[in-house]
Each structure stands twice: as structure tokens, then as C-alpha cells.
Amino acid sequence: MPVNVRIVQGLQEAAEILAADRGARLLGGGTLLVRDINEGVMTEGTLLRALDPVLLAINAGGARIELGAGVTMAMVLANRDLSYLHAPARGIGGPAVRTTATIGGNLFASTPYGDFTTALLALDAVVTLHAGFGGARVMPLEEMLTNRARGGVGLVISVGFNRPAGADAFRFLKVARVRPKGISVLSIAAHLPQNAGRISGARIAYGAMGPTPLRAKAVERVLEGRGLDAATIAAAKTAALEGTQPATDAIASEWYRREVLPVHLGRLLAGETS
Amino acid sequence: MLEFRKDLFADERDDNLHVIGKGEQRQDMLGHVTGRTRFFDDHGFDGLLHLKVVRSPHHHARIRSIDVSAAERAPGVKRVIRAQDVPVNRNTLLSLIGFGKDDEPTLAVDKVRYKGEPIVAVIADSEPEAMAAAKLVRVSYDPLPTVFDVQEALKPGAVVVNETYPGNYFEYHDKYDHQKLRFGDVEAAFRTADHVIEERYQMSPIEHASTETNGTIAAPETNDRYVVHSCAQGLFFSLGTTAKILALESNRLHFIGGTVGGGFGGKVDSLTEPLAVLGAILTGRPVRYVLGREEEMQFGSPRGAERHVIKDGVMRDGRIVARQITSYFDAGAYTRLTSYGVVKCVAHMPGPYTIPNVRGDAYCVFTNRVPATAMRGFGVTGVDFSIEVQMDKLAHLVGIDPMEFRILNAYRDGDMKAHRRVAHNTALIECVQVAAQKSNWALSETARRASSLSGGGGPRAAIPPTVTDESGRIGRPETRQAPPQLTPGAAAPLPAYQAPPAVPVHQPPHQPVPPLPNYPSQPAGAAPLPPVPTPPVPAPPAPPQHGAARFSSVFTRRR
Amino acid sequence: MARMPVQFRLNGSDRAVFVEPAETLLGTIRRGLGDFAPKFGCGQGTCGVCTVLVDGEPRLGCLTLSVTCEGRSIETASGLADGPTLHPLQAAFMEHFAAQCGFCTPGMLMAAKALLDRNPDPTRVEVVEAIAGNVCRCTGYEPIINAILAAAQQRGARRA
Ligand SMILES: Cc1cc2nc3c(=O)[nH]c(=O)nc-3n(C[C@H](O)[C@H](O)[C@H](O)COP(=O)(O)OP(=O)(O)OC[C@H]3O[C@@H](n4cnc5c(N)ncnc54)[C@H](O)[C@@H]3O)c2cc1C
Ligand code: FES
Ligand code: FES
């Protein structure tokens, strides 16, 4: 049985098919799914295309941001209110990948992919999951990623987060060996709201440093309540590797990733562009 | 930007040329920019079938059984091809010019020798159906021990990769386990050199990664012929290979190609042509066999890995007096073209330098890696890289500027090369001078005035008495240490080596040369003398008949 | 598996085809409709030789399912020239020797067209960014970048 495609209007119907058929996958942009078909990795099953416009909704003007799971990287880049997310969106593939790759698909992309998700993690994002009969369930992104590692998440409708505190409060760095387009050696996102020169509510997230994007909680603890001076940055670098579990792949070895992460974290915190 | 230096070699060149030196539009350019250029895959056929192969997941294993019954019943499948369906299921590419033994099956028979080796081909109505059916082929294996390192593979008792060559080496001249070059007496020269250094260089396999992957469409044509749209870089080479493997008269094959979406050497192995044509014969329908990118990266033949060990003797004044190079080419599991790359490598020893004593030994070694093939500068890139890094190290060692060091040792017109050919149109000195000038690199007056047209020949044209040996006889690895014998020089006995007009020892303008404690320098006379050669004195060497010359008519294209 | 009907515009003409459900746009354009300008180089999104425009946006034909292109307008390199008159990008690619084997050229041209249609006067950095998803293994990127910049300049000159 070759791969089938079903086109459905509503999310309810999509969710029902996904729940009933273990071989069914929701089609985002397809940059990962179609590649699996082309390479013969996926030779059977169903792709589900959901046309519900809620998946494409962008609510970016206010303090609370909501982005549909079907929003593409190109749509993020075209939206001026989302300028703080332009760096992670621009980091994904070339222009023709970005017109196709969705936020929803990025949440499921396996390491070393997941750069946009890394940015969302540092923004303390939540995901809205379809929960049957028009209902929805909101879950912290971190929890969703833990569930993903165990398999079985369900249908993601959107992601939500608060607009970052200020222009300089959100930083993103992608380290790649091929420029301008290359797969990540690693990526780092940092949300560093400051109050009278002291950081409060620091969020640091890494991409490609574990099986899913992950929070650097030890670094967050170091930063909390301190200013971004040399001593703080040095302490952050010392704590940088705690909780990481990088892999060796075609892009970099596990050793290399560990070796360079503290250096890049230090630069990001110091505001040096590398 | 391109610049023609009219001042150099002005009298060797005709300047009234119509094309060279002028900008000319490529004849295929309009087709390229309008998207009308037809590559092998850009041909429509009704009823086109698609072929996919089942590949070995093991680097080395005995095949216990192959079960294709489920694949044959799968939706859309038109035909499954197995090893016994291939008329001549054993070939080596250069058999077309009588070089080497048939050693590679189109589809593996009782053993797989590298990961990715094709075992069964499945032909179906669509590509997805062919891929799905290929997954249903059941092959059971007994994994075998593997060898991946060239020097390990050469050891007596190593795992035998390819039974056609049980010593894991290609056999040269039906006599030796490697290709040799002998000129002068390196051992004697090492004993009198001021410094002797030995360094090891190696290079990993490199994938050509042309944007078009390997592939073929073959279709029945009128009068029992087959039309073949091929990606091959050497169309008639591929036609001959396909005709041999399928036991067809070559006039039953109508190959169309020459429009290659990038090759760089990666499209000379006929990876897809024979099976596509066989598929068309067996199904009576057009068959398309195209490698996916992952297949191409993992299993399309790369430039193979190489290792070069270079030992040099150099005098304090910068003259290199002896060079010994031992090279190992990793062919992977089958010969393909590596045997020829080795010959080219030896043809490039000892680099573009006049060195009075040279010894070269190059091995084409079989391991359980993906078979290697040609790539740009085939056989030459690795050894030349190694030689040039070595030149920098030597220059450093004797405290001479690296550019001047090259000018000092460069061959000049009229010099005798180690291959017993007189050097012509050498021009290396001028190249170095221009490079130095372009990069604002200060050269001494002497180096600036040096010329490839003067200072060569004369005593530098002599063939020295040469030490030969019977080391590395096929099947006798213990002879790799065979004692040398002296062969008199073809011309006068070796005259004292004449240095070109002396270049003053470089006064480093950039930075002082630090001492190099790591380079072992051998005190003169420390090594024991080799056994004195005993009569009978062998006959003078036969007129030079170098392998590279034999092949040059076949391989005149740059790859 | 039932084949599915799809209609879209290809280089200005309306086309209707039946496709396999999971068939890629690249497959449909090439084997279904006989326009062989876009190429297959990887099927993984990594080489860009399959680049086409869908409603003016650059898309990878190999990763786009045909059934998602219902009602869209698709452009390939075959539609660039206006009869015998070459598009400025085509002329500039010829002039600047921006192709050797030519396999990347149709995709490269479409990536460049997507850029110039949106940004008629790009900087060099923007050109590099626009073709970042397109691999060329023969020509080297310099002649290609120069050709795209020259085409932009020439179009600008014509508008002025
Ligand atoms: C050349 C190239 C370069 C790339 N570079 C990068 C890079 O630098 N960084 C990076 O992060 N990624 C990269 N990617 C990977 C990929 O393009 C992105 O991660 C993209 O965001 C995936 O989204 P998609 O919509 O295409 O996913 P799809 O292929 O459509 O889906 C991927 C998975 O997510 C699931 N899914 C999608 N949407 C939902 C949803 N709403 N609910 C539940 N499940 C869902 C699908 O079922 C599938 O299992 C690259 C890909 C290519 C081809
Ligand atoms: S074939 Fe589509 S990107 Fe390579
Ligand atoms: S011209 Fe050959 S890949 Fe670009």
C-alpha cells in the first residue's frame, strides 16, 4: 500500500483520524515527511492535510502572542511584530525550505533540527493541543517535548508565549559550519529580562545538545538576580554543560558540541556576535 | 581574473589563435538557461518502470539465502532480478583495455564485501512501489570479520576481502604486489644526507556529490536494440561495459548521453547502466534506475582514501638528494579504477623536482569499504598534496624560504626524470616566481633570475646506476624486504649532482625559523651498509614502458 | 490507491492531471506534464535543483506534494523566456558564464527570480541569501552571484 493522503477541513476530523490510525501523520509543510517518502523510509500510511484556517492564524500584535502550528518560517519572517523570532526563522534551510517548513513540524523535528523550537522554549511557550470535541489542552512546551521523546503527543493547534521584555532581552544564536545555510552544530536562545540591571526570570534553551531542545536550568540559576558582568558570564559558562546530552552526527561530534557550547554561550551573554 | 603572461616563453607560443585566449560562449549555454538541455532523466516514456536495488547492510558477510517471493507478489512489481539473471556477472572496468582480472559482480552472489553492495533489483510500476517491494526481500547473512585499514589488509593472514586477489592487493605486471619506481640508490644517499626525515600523510575518501545523481533510462528500440539514456562520463566505456556484462553485441546498444549533470569522476563506473538495460530486456519496457542522494553519498564510488609515507634526504644547502615514497590506495572491495590511479600516482613521484635518487612503491589495496573510483586529479591529488607539505617541512628544516626551496629543487628543461623521460616545458620555476610576485613574497635576486630554460640537462640528464630489487612478489609478502641489486646506469655513471646556480641560504624576512627538535635527523653513516650486491649483474633494464603511457590513449580526458 | 485530480496553472497555462496521492510536485511537473526543466538532485531539500515558484514563492518541488498545489500558479525555468526573448536573468547567466554542466541552472534561475520579483535591487548579501538553498558543484558561486546582480542592474536600467 503506497502512502495515502487525506484532505480534511476541520481539526476534529483530523484528530479523530490521527487517534484511530497509528500509521497516520499530520502533514505540516512536509519538509521532513516528504523526504522520508522520497527516501523510501515511509512506504505506507496516511498523510493528513488539515485545511482549518486556525492553523495559519498569527496573533502577534499584543503582549500575548499566538501562532498557528501551520505558520511557516517565511510567514514569521514577513511579520514585523515578530522581529525577535526572525533570527531563528531565518536559520532554517534556504528560502525555499522556509516557505514550506512550519512551526508545528519544527516541534517534532529530531535533533540536530529544532532551532525554532529552541527559541520558543526560551520564551516559555505553551502548546495548544487538540483534545477532542472542539476542546483544547494547553501544555508547557517543555512537557510536550518530554512527551515527544516518549512518543505520542497528538495534534498541535498553536503555540503561545508572552512578547519578550525588550529588544535586547531576547537573543538567539545558531552555530553552523556552512553559511548562510547550514544544519546546527548547536543553537542557543536566551530570554534575559532585566530589572534595575539584574536579571529576573532568565530562560536559556539549547538546540542539538540533547534528544530534544532543552532548557539550561543550571545556567538560568546562575544568572538569576545578577547583572551580566564578566564574573556572571564566567559562572554561566562553568554551568553551561549541566544536563546536556549531545549526540555525534554528520555535523559534529558529541565532544565538539560540548567543547564549543560554553564558548558560544559566553559570547551570546556578552552580546558579542560570532 | 585570467591573465595571459605574454612575457614568458614568448617564442614557444603562437599568438595568432582564434579561440584560446578569447572569450567564447559555450555551445550548450542557451539550452542550460532555458531549461531545455536534456539530461539522462529528462526523457518521457510511456509505461516507464522503476528499478531499485536491495543493498547489503553488512561490510562483509556470507549470504546464506535470498528470498524474493514476497517482493515478487508486492503491488506494482513487474520483475525481480537476481544474480543468476545477469549473463556475465563478473567484471572489472579496465578489462576493456586488458588491465586486471574480473573481480566484481553486478549483483552479489555468495558474499557481500562492502556495506551497500547490490544484491537484488526490483522493478515496479512506480518508484514508491519499487522501494516498498525492495523492503520485502529477505536476505540472511553470516557476518564475516572485516578489514578497513590498508596496512592491516596487507599483513599476512589478514581477512581476505576479494577472492580474486587473495592477498588484498592488485597485481602489477603479473609479478608484484605493488607498482614500483627505481632511480639511483636512495639508501646510499640517505647515508650521506645532512638530514633525513620521514613523514606520513593521509586523506579520507571524498564524494564527488555532483548535483545530478547516477542514473540510466533504458528502453527497447526497434530491431531488437535498446536505447540507453546514460549519465556516463565516458559513454563508450559504459557501452562496452554494459555489452560485456549483458553478453550483447555492442551494436544492439544505442547509448545517448554526454550531457552530464556534473561528474568529476563519479560517473565512470557504469553503476546503473547494466541493470537498467537488463531490466528493459527482461520486461520489454522502459526501465529507469536512478540513485537517490543517500544512495549516491553512501554507495556511489568516492575518491578513495590514500596514505603516503615520504622519506627524504636533504643537504644543508637545500638540495634534496633522495626521496622514497610508499603509497597505499584504498580501493575498497573491488578494483574499479584504483589500479590505474596507483599507476598515475607513481608517475607523479617524486613531484616536479630533480632528485637524483628516487624510490617509489604504491599499493592498490582491497578493504571492506565502498569501492573507490576516479576523481579530479585522479591518483595525483593525494600524493602531490603530501609532497608539497613535505617540501614546506624540508624548507623549514634547512632554513630556506619555501618558495626559494622549490626553485632550487625544481626540474629544468633537459633534466632526467625518475621515469627516464627527459623533462620538457617544465615552467615550474616561472610559476613559483609569478606566484611570489603576485603575493608580494620577497625572493632573492638569484631566485628571481632563475629560469627553467637554463641550468638543466647536462649531467642532470644522466640515468644513474640504479638499485633494483625483487621485493613484493605476488603471493610472497616476505619478499617485501628483498635485498637490492645494482643496475648500471643507462648513460654514464652517476655524475656528481650539479646544483643549479646556488641560491643563498634564505635570511628569513618574516620570522626566525625555530629549531625543529621533532624531525629526526640521521647522522651520516649511522646506518649499516646494505649487503654488497653480488653478481650475476642483471641485464640492463628493458626500454622504459611505463603504465601511464599505456593508458594515456584511453584516459586522455581530465576527470 | 485512487489517483487524485489536481488543477493548477503551469507557466501561464491551466493544467489538470491525476496524481498519486503522495506524488511530489516535481514528479508531476516532470513525468506528468513533461516539463523537464526542474531537476531531481536529492529529494531531501538539500540541493535546490528542483526549485520552482508557487504563487511567486520559491518552493522545493521535491518536498511539495502536488495535491497541496490545487489552484496555484506554478512557474518553472521553461516559462522564463518570452518567446525568443530571454528573461534578463537568462541573458545575464549566459553573459557571465554562470553555468557549466547546467544541472543547477533551472533551480538557480527560479531562486533568483523569486528574489528579484520581490526585491528588484538586492545587495550582494541578499543575493547570497536567496540562493543559499541551491547547490552548484561546477561553476562556483561567484559567476552566479555576479549574473544575478547584473540582471537586477539591467532591469533597473530598463525601468529608469
Ligand atoms: C534543507 C533543509 C534544511 C533544514 N534546516 C533546518 C534547520 O536549520 N533547523 C531546523 O530546525 N530544521 C531544519 N530543517 C528541518 C525542517 O524543515 C524543519 O524542522 C521544519 O520546521 C519542519 O516542519 P514541516 O512543516 O516541514 O514538518 P513536516 O515534515 O510536515 O512534519 C514533521 C513532523 O511533525 C509532525 N507535525 C507537523 N505539524 C504537526 C502538528 N501541527 N501537530 C502534530 N504533529 C505535527 C508531522 O506529523 C511529522 O511527524 C531543514 C530541512 C531541510 C529539508
Ligand atoms: S531535489 Fe529538491 S532540493 Fe534536491
Ligand atoms: S553548473 Fe553544474 S551544478 Fe551548477
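**Figure 1. Arg171(A) and its salt bridge with Asp168(A) in a predicted model.** Arg171(A) is buried, its relative accessible area being 13%, where buried stands for under 20% relative accessible area, exposed for over 50% and partly exposed for values in between (1.4 Å probe, protein chains only). Because the model is predicted, local features need pLDDT of at least 70 and side-chain atom pairs count only at pLDDT 80 or more, while totals for chains, interfaces and linings use all residues. Residues are numbered from 1 along each chain as its sequence is written, chains are lettered from A and ligands numbered from 1 in the order in which they are written, and side-chain values use heavy atoms, with hydrogens and water left out.

**Figure 2. Further salt bridges in chains A and B, and a network that includes residues of chain C.** Side chains of opposite charge can pair when their charged atoms come close. Glu220(A) and Arg215(A) meet at 2.7 Å, N to O, and both of these residues are buried. In chain B, the closest N and O atoms of Glu445(B) and Arg449(B) are 2.9 Å apart, and both residues belong to helix α13 (residues 445-449), where they lie four residues apart, about one turn of the helix; helices (H or I, at least four residues) and strands (E, at least two) are DSSP runs, numbered from the N terminus. Glu445(B) is partly exposed at 40% relative accessible area, whereas Arg449(B), at 63%, counts as exposed. Salt bridges that share partners also join Asp41(B), Asp42(B), Lys52(B), Glu127(B), Arg288(B), Arg30(C), Arg31(C) and Lys39(C) into one network.

**Figure 3. Two edge-to-face aromatic pairs.** Over all chains the structure holds 10 aromatic pairs, counted when ring centres of Phe, Tyr and Trp (its six-membered ring) lie within 6.5 Å, with planes under 30 degrees apart called stacked, over 60 edge-to-face and the rest tilted. The rings of Tyr84(A) and Phe170(A) have their centres 6.4 Å apart and their planes at 80°, so this pair is edge-to-face. It links distant parts of the chain, since Tyr84(A) lies in the loop between α3 (73-77) and α4 (86-90) and Phe170(A) in strand β9 (residues 170-176), 86 residues apart. Both Tyr84(A) and Phe170(A) are buried. Tyr114(B) and Tyr334(B) also form an edge-to-face pair, at 6.2 Å centre to centre and 80° between the planes, and both of them are buried.

**Figure 4. Strand β8 of chain A and its partners.** Strand β8 (residues 156-162) is mostly covered, six of its seven residues being buried. Strand β5 (residues 64-68) of chain A pairs with β8(A) in the antiparallel sense over five bridges, where pairing asks that DSSP find at least two bridges between two strands, and Arg64(A) stands opposite Asn162(A) in β8(A). Strand β6 (residues 126-130) of chain A is joined to β8(A) by four bridges, again antiparallel, and the bridge partner of Val127(A) in β8(A) is Val159(A).

Note on methods:
A salt bridge is a side-chain nitrogen of Lys or Arg within 4 Å of a carboxyl oxygen of Asp or Glu.
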